[in-house]
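Me: Got a model open here and want to go through some side chains with you. Can you take a look?

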Amino acid sequence: MPELKRLHVSHAPAVLAFEVANRAYFAASVSDRGDDFFARFTDRYDALLAEQEAGICAFYVLVAEDGSVLGRFNLVDIEDHTAELGYRVAQHVAGRGVATATVRDVCRLAGARHGLRTLRAAATHRNAASQMVLTKAGFVPVGPADPAHIGGEPGTWYQRDLTLRPDSAILPGDRSQEGRGRR
């Protein structure tokens, strides 16, 4: 069973393999990271670990039983109990609920482990899959996203309040609370 783990130096080879294997797939819905990302991967990875150590960001990877990375889930710009969520999942697990389930898990961690109260995420208009993941995970659209922030494309900001009691409402697509007398 896949496990959500905090990013560690030992994950670097698997993260790079994940990014390389899924580069074309990701580029179809979000801006490509560019050749420089791959050429300077080790430096960039070390910088991410330093940001995580400083508490500015928190990075997670969804790791398969074989040690491969199935997805990346990032909490960036942590400040004033708020952060921005970013995520990407491997093409071979896309469309199976992996992103939605893991985003929900990250939301729980964001509140419990990082003391966050609000998460924001931006999705381009052409990335319908990401919009669906966010909506199913309890995010609501709150306004237009600056194209400069999301790869030069128009999009929407989504937000989720993490202080609401998780059992006070059934989120779209969350069947775990149905049938337990809660309306």
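Me: Is threonine 124 buried or exposed?
Reply: Threonine 124 is buried, with a relative accessible area of 6%. Buried means under 20% relative accessible area, exposed over 50%, and partly exposed in between (1.4 Å probe, protein chains only). Keep in mind that this is a predicted model: local features need pLDDT of at least 70, side-chain atom pairs count only at pLDDT 80 or more, and totals for chains, interfaces and linings use all residues. Residues are numbered from 1 along each chain as its sequence is written, and side-chain values use heavy atoms, with hydrogens and water left out.

Me: Which strand is threonine 124 in?
Reply: Threonine 124 is in strand β5, residues 118-124. Strands (E, at least two residues) and helices (H or I, at least four) are DSSP runs, numbered from the N terminus.

Me: And what is threonine 124 in contact with, leaving aside neighbours within four places in sequence?
Reply: Ser29, Gln131, Ile150, Glu153, Pro154 and Gly155. Contact means heavy atoms within 4.5 Å.

Me: OK, rings now. How many aromatic pairs does a search of the whole structure find?
Reply: Six. Rings of Phe, Tyr and Trp (its six-membered ring) pair if their centres lie within 6.5 Å; planes under 30 degrees apart count as stacked, over 60 as edge-to-face and the rest as tilted. One of the pairs is tyrosine 25 with phenylalanine 26: the centres are 5.8 Å apart and the planes at 50°, so the pair is tilted.

Me: Is phenylalanine 26 buried or exposed?
Reply: Phenylalanine 26 counts as buried at 6% relative accessibility, while tyrosine 25 is partly exposed at 30%.

Me: What about phenylalanine 73 and tyrosine 87?
Reply: Those two are stacked, 6.3 Å centre to centre with 10° between the planes. The pair links distant parts of the chain, 14 residues apart: phenylalanine 73 is in strand β3 (residues 69-79) and tyrosine 87 in strand β4 (residues 82-89). Phenylalanine 73 is buried at 0% relative accessibility, and tyrosine 87 is buried at 19%.

Me: Which residues do ring pairs link into a cluster?
Reply: Phe37, Phe38, Phe41 and Tyr45. Arginine 33 also lies over the face of phenylalanine 37, at 4.7 Å from the ring centre.

Me: Where does the charged end of arginine 120 sit?
Reply: Over the ring of tryptophan 157, 4.1 Å from its centre. A charge sits over a ring if NZ of Lys or CZ of Arg is within 6 Å of the ring centre and within 35 degrees of the ring normal.
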